[in-house]
Amino acid sequence: MNYYERAKKYRAKKRLGQNFLTDSKCIETILDVSDIKKDDVVVEIGPGLGFVTEQLVKLAKKVYAIEIDEDMVNELYKIDADNLEIIHADILKTDISKFGNNLKVVANIPYYITSPIIAHLLGEADDLDNKNRKSLSQIVLTVQYEVAKRLTANEKSPSKEFGLLSILAQFWSDIEFVQKVPARSFFPAPKVDSAIVKMILKDKPLLELTNYPFFRKVIKACFATRRKNIKNSLINAGFARNSVEKTLKELSINENIRGETLSIIQMGELSERLKDNL
Ligand code: SAH
């Protein structure tokens, strides 16, 4: 029986974001880019009916599959593999670090909680000691196409793509857009296309800063009021007008540009200088 026929037998629960990947080529791509070695410990998020899981167990030393839905869990138990541990839990309440170090995450994640899952895996920009992130070496995610675009965007990308999610992903990982996955590759087909992204976690954050919580405030300000210029965005966020004016001048940043036209590196410089000028 092919994936489509297997998936069709279930009543997918919309509220749990159940769209099963039934395109065997896409499943192969996910496995290829995940590059699982026989010593690897894999954490799969939202394994569903286990189409990816049943391949992962053949490649990895151990697979932890975290699934919230009891019906799916019962299906997963049919996979005959000693190295599979099925965990019936909510990923957002699961401490991943307890599964070991250098973990590889594979996740075709439920789209209703995409951003919370990414934040759960990475932590915020000032979350230097985030336990989950520190236990990971790699994440292969299948997300909505639009989210994949945002995760991989920079200041030159079409407007609205570059934002806090881009910074978060790139602050903690080298991220690569792997491939678009059309909606018809899933059953039931979601309304939008998806895409696979691969993140290789960094040992240190992208920027070395003296004050990470301050940087977090600055980036939030840069993106908070997208129609305002950078000067007003920063003032609006509560930074003193004269410090903002002085800082922009010192860095030769035109005060009329919008915050989202600065690169991550420039935002880091802005943060450091503004902190000194307050
Ligand atoms: N990975 C599978 C299924 C994708 S559908 C495939 O590619 O075919 C998303 C899966 O995530 C569903 O099985 C759903 O039950 C599960 N899920 C939804 N919310 C979850 C949560 N909070 N924690 C863990 N799993 C969750």
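Let's start with D69: leaving aside neighbours within four places in sequence, D69 is in contact with K13, L16, Q18 and H88, where contact means heavy atoms within 4.5 Å. This is a predicted model, so local features need pLDDT of at least 70 and side-chain atom pairs count only at pLDDT 80 or more, while totals for chains, interfaces and linings use all residues. Residues are numbered from 1 along each chain as its sequence is written, and side-chain values use heavy atoms, with hydrogens and water left out.

So where does D69 sit? You'll find D69 in the loop between β3 (62-67) and α4 (70-76); helices here are DSSP runs of H or I with at least four residues, strands are runs of E with at least two, and both are numbered from the N terminus. D69 has a relative accessible area of 7%, so it counts as buried (under 20%, with a 1.4 Å probe and protein chains only).

Two of those partners also make polar contacts, meaning N or O atoms within 3.5 Å, one able to donate a hydrogen and the other to accept it, with sequence-adjacent residues counting only if both atoms are side-chain atoms. The side chain of D69 pairs with that of K13 at 2.8 Å, and with that of Q18 at 2.8 Å.

Now over to two helices. S115, I118, A119 and L122 in α5 meet L165, L168, A169 and W172 in α8. By class, that contact has seven nonpolar residues, one polar and no charged.

Definitions and conventions: Ala, Val, Leu, Ile, Met, Phe, Trp, Tyr, Cys and Pro count as nonpolar, Asp, Glu, Lys and Arg as charged, and the others, Gly among them, as polar. Buried means under 20% relative accessible area, exposed over 50%, partly exposed in between (1.4 Å probe, protein chains only).
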